[in-house]
Amino acid sequence: DSVSLRVLSTRTEQQRVMRLGTRRLIALGVTPPRKAMERMVGNDARLALARLQLGTVEALVDDCVTAALDQLIRVHSGPAWDEAAFVALRDAVRSDLADAAEALVKTAALIAASAGRITSRLDTFRAAAFATTVDDVNRQLRWLVNPGFVTATGAQRLADVLRYTRAIEARLDKLTGDAARDAARTATIGRLQDDVDDLLLAGAPALRHEVMAVRWMVEELRVSVFAQSVKAAGPVSESRIRKELARLRQPFR
């Protein structure tokens with residue numbers, strides 16, 4: 001129920017912590033309509049939250065409020081570095097918070113419901129021919145939809161996550177007649193994903209944002225490869241991703 005002041009050793013760390021501290025300080029002074037937002041979460045999403053162990057409806061709403069605060073602090077040029085700027089920032093965020101958080105709750109509920117449908121359908125693909133795809137989808141889903149996924153993803157990209165889960169559903173629609181081809185494509189995607197994840201683990205904090213951008217490119221490639229009907233957000237290919245990975249590895253050589 002409070003924030004504190006600390007001296008930090010780098011400007012990068014200072015800026016990261018200042019954003020979090022400003023968010024917490026504003027959160028202590030605003031009261032969005034959480035109960036009304038909880039009622040926006042339908043039964044399908046509620047069942048999925050339980051099935052996927054994503055937490056309670058209240059936790060999902062809190063996650064959406066936190067993500068909305070992040071978004072609005074950025075939109076209104078935060079964080080603030082003096083009292084007058086903080087008051088102006090807090091008032092601007094407070095006026096926009098309910099609408100921004102409600103929009104995120106609606107999208108997050110759709111994502112949860114979609115993820116619930118996916119896990120239910122995966123249980124029906126029991127033949128050995130589907131094992132590679134089932135493992136891949138489970139891995140993808142764990143990365144996209146997990147406790148706190150709204151804040152971790154960020155408000156600006158949450159609609160993309162809904163598109164990705166819908167792309168998984170489209171992928172499963174045609175899996176029965178396409179298992180061998182799907183498995184072959186999965187191997188290529190899996191190698192790319194492993195390389196990006198390795199770079200995330202090894203990378204310097206200053207490069208994390210750029211590496212994460214490549215990680216999202218892998219999700220767009222999945223849409224392009226497995227669910228063309230859903231449509232990727234832009235041109236993407238394995239070679240383009242490999243080129244970005246090579247560029248980002250340069251500081252480590």
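Guide: A pocket here is an open set of grid points with protein on both sides within 12 Å along at least five of seven lines, and a residue lines it if one of its atoms is within 4 Å of a point. Keep in mind that this is a predicted model.

Visitor: Okay, how many residues line the largest pocket, and which lie nearest its centre?

Guide: The largest pocket is lined by 32 residues, and those nearest its centre are Arg19, Thr151, Ala152, Arg208 and His209. Two or more lining residues come from each of α1 (11-27), α4 (57-75), α6 (131-144), α7 (149-153) and α10 (208-226). The largest share, 7 residues, is from α1. The volume of this pocket is about 1400 Å³.

Visitor: What makes up its lining by class?

Guide: There are 14 nonpolar, 10 polar and 8 charged residues in the lining of the largest pocket.

Visitor: And what about the second largest pocket: which element gives the most to its lining?

Guide: That's α1, with 7 residues. The second largest pocket has a volume of about 450 Å³. Its lining has 17 residues, and Ser4, Leu5, Val17, Met18 and Gly21 lie nearest the centre. By class, 11 are nonpolar, 5 polar and 1 charged.

Visitor: How do you find empty space in a protein at all?

Guide: You roll a probe the size of a water molecule over the atoms, and that shows where empty space is left. A search of the whole structure turns up 1 cavity of 30 Å³ or more.

Visitor: What makes that space a cavity and not a pocket?

Guide: A 1.4 Å probe fits in a cavity but cannot get out, whereas a pocket is open. The largest cavity holds about 60 Å³ of space, which is how it passes a search set at 30 Å³ or more.

Visitor: Which residues line the largest cavity?

Guide: Gln140, Tyr164, Ala167, Ile168, Arg171, Arg222, Val223 and Phe226 do. The classes are 5 nonpolar, 1 polar and 2 charged.

Visitor: Let's talk helices. Why are α9 and α10 called roughly antiparallel?

Guide: Helix α9 (residues 179-202) packs against α10 at an angle of about 175°, and the axes are 9 Å apart. Angles over 145 degrees count as roughly antiparallel, so these two helices get that name.

Visitor: Which residues meet where α9 and α10 are in contact?

Guide: On the α9 side they include Asp182, Arg185, Ile189 and Leu200, and on the α10 side they include Arg208, Val211, Leu221 and Phe226. The residues of this contact divide into 12 nonpolar, 2 polar and 6 charged.

Visitor: Why is the meeting of Arg23 and Asp70 called a salt bridge?

Guide: Their side chains come to 3.0 Å, N to O. The cut-off for an Arg nitrogen and an Asp carboxyl oxygen is within 4 Å, so the pair qualifies. Arg23 is in helix α1 and Asp70 in helix α4, 47 residues apart, and the pair links distant parts of the chain. The structure holds 25 salt bridges.

Visitor: How do you know whether the peptide bond from Gly78 to Pro79 is cis or trans?

Guide: Look at omega: it is near 0°, and the bond is cis. Pro79 lies in the loop between α4 and α5 (83-122).

Visitor: What makes Ser77 worth a look?

Guide: Ser77 has a positive phi of about 65°, although it is not a glycine. Ser77 is also placed in the loop between α4 and α5. As a rule, most residues other than glycine have a negative phi, and most peptide bonds are trans.

Terms used: Residues numbered from 1 in each chain as written. Predicted model: local features only at pLDDT ≥ 70, side-chain atom pairs only at ≥ 80, totals over all residues. Heavy atoms only, no water. Points joined across faces, edges and corners; volume = space filled by probe spheres on them. Helix = DSSP H or I, 4+ residues; strand = E, 2+ residues; numbered from the N terminus. Nonpolar A, V, L, I, M, F, W, Y, C, P; charged D, E, K, R; others polar. Axes fitted to C-alpha atoms, helices over the stretch in contact; angles between N-to-C directions. Parallel < 35°, antiparallel > 145°, perpendicular 65-115°, else oblique. Contact = heavy atoms within 4.5 Å.
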